[in-house]
Amino acid sequence: MLHFKKKKTINLQTFNEKEQTPVIRASICTGEQVAGFRNKETGKFEEAMLIRGEKDLQEFCIRYGVKQKEIKKEW
């Protein structure tokens with residue numbers, strides 16, 4: 001029986017640039033980083049994905065069409 005690996009595809013997902021800001025929340029104690037979007041009006045944070053390294057950060061940028069320079073970092 002043959003088994004084939006499925007190709008991993010990354011779908012471009014969108015966020016509302018007028019209402020949301022891309023943000024990385026980082027823990028001072030553990031160093032854990034979570035990428036997501038902060039609503040400009042309410043300040044509510046919506047998690048998108050866990051960032052474990054540079055590869056995950058690049059995947060976040062590709063998936064949401066965000067440049068690394070645009071991402072704000074919060075502690």
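## Overview

The accessible surface of the protein chain comes to about 6400 Å², and 50% of that area belongs to carbon and sulfur atoms. Areas of this kind come from the Shrake-Rupley method with a 1.4 Å probe, and for residues only the protein chains shown count as cover. Please keep in mind that this is a predicted model, where local features need pLDDT of at least 70, side-chain atom pairs count only at pLDDT 80 or more, and totals for chains, interfaces and linings use all residues. Residues are numbered from 1 along each chain as its sequence is written, and side-chain values use heavy atoms, with hydrogens and water left out.

The chain has one helix and four strands, arranged along the sequence in the pattern β-β-β-α-β. Helices (H or I, at least four residues) and strands (E, at least two) are DSSP runs, numbered from the N terminus. Of the 75 residues in the protein chain, 32% are buried. Here buried means under 20% relative accessible area, exposed means over 50%, and partly exposed is in between (1.4 Å probe, protein chains only).

## The sheet

The four strands form an open sheet in the order β3-β2-β1-β4, with mixed pairing. Strands β3 and β4 (72-74) stand at the edges with a single partner strand each, so one side of each has no neighbour in the sheet. From one strand to the next, the twist averages 30 degrees. As background, strands of a sheet pair through backbone hydrogen bonds, either parallel or antiparallel. Two strands count as paired if DSSP finds at least two bridges between them.

Strands β1 and β2 run antiparallel and are joined by seven bridges; in β2, A35 is the bridge partner of I24. Their hairpin has six residues between the strands, and G31 takes a positive phi near 80 degrees there. On the β4 side, β1 runs parallel to β4 and three bridges join the two, with V23 standing opposite K72 in β4. Six of the seven residues of β1 are buried, so this strand is largely enclosed by the rest of the structure.

Strand β2 (residues 33-39) also pairs with β3 (residues 45-51), in the antiparallel sense and over six bridges. Along this pairing, R38 stands opposite F45 in β3, while G36 has E47 as its bridge partner. The hairpin of β2 and β3 has five residues between the strands, and G43 in the turn has a positive phi of about 80 degrees.

## The helix and the core

Helix α1 lies across β1, β2 and β3, running at about 135 degrees to β3. Axes are lines fitted to C-alpha atoms, for helices over the stretch in contact, and angles run from 0 to 180 degrees between N-to-C directions.

The largest nonpolar core has 12 residues: F15, I24, A35, F37, M49, I51, L57, F60, C61, Y64, V66 and I71. At least two core residues come from each of β2, β3 and α1 (54-64), and α1 gives the largest share, four residues. Such a core is a set of buried Ala, Val, Leu, Ile, Met, Phe, Trp, Tyr and Cys residues joined through side-chain atoms within 4.5 Å. Leaving aside residues up to four places away in sequence, F60 touches A35, G36, F37, A48, M49, I51 and I71; contact means heavy atoms within 4.5 Å.

## Salt bridges

Side chains of opposite charge can pair when their charged atoms come close. The structure holds three salt bridges, each defined as a side-chain nitrogen of Lys or Arg within 4 Å of a carboxyl oxygen of Asp or Glu. One of them joins R38 to E74, with the closest N and O atoms 2.7 Å apart. This pair links distant parts of the chain, with R38 in β2 and E74 in β4, 36 residues apart. E74 counts as partly exposed because its relative accessibility is 26%.

E59 and R63 form another salt bridge (2.7 Å, N to O). Both lie in α1, four residues apart, about one turn of the helix, and both are buried. D56 and R52 also meet in a salt bridge (3.4 Å, N to O). D56 counts as buried at 13% relative accessibility, whereas R52 counts as exposed at 70%.

## The segment before β1

T14 sits in the segment before β1 (20-26) and counts as exposed at 72% relative accessibility. T14 and Y64 are 50 residues apart in sequence, with their C-alpha atoms 5.6 Å apart in space.
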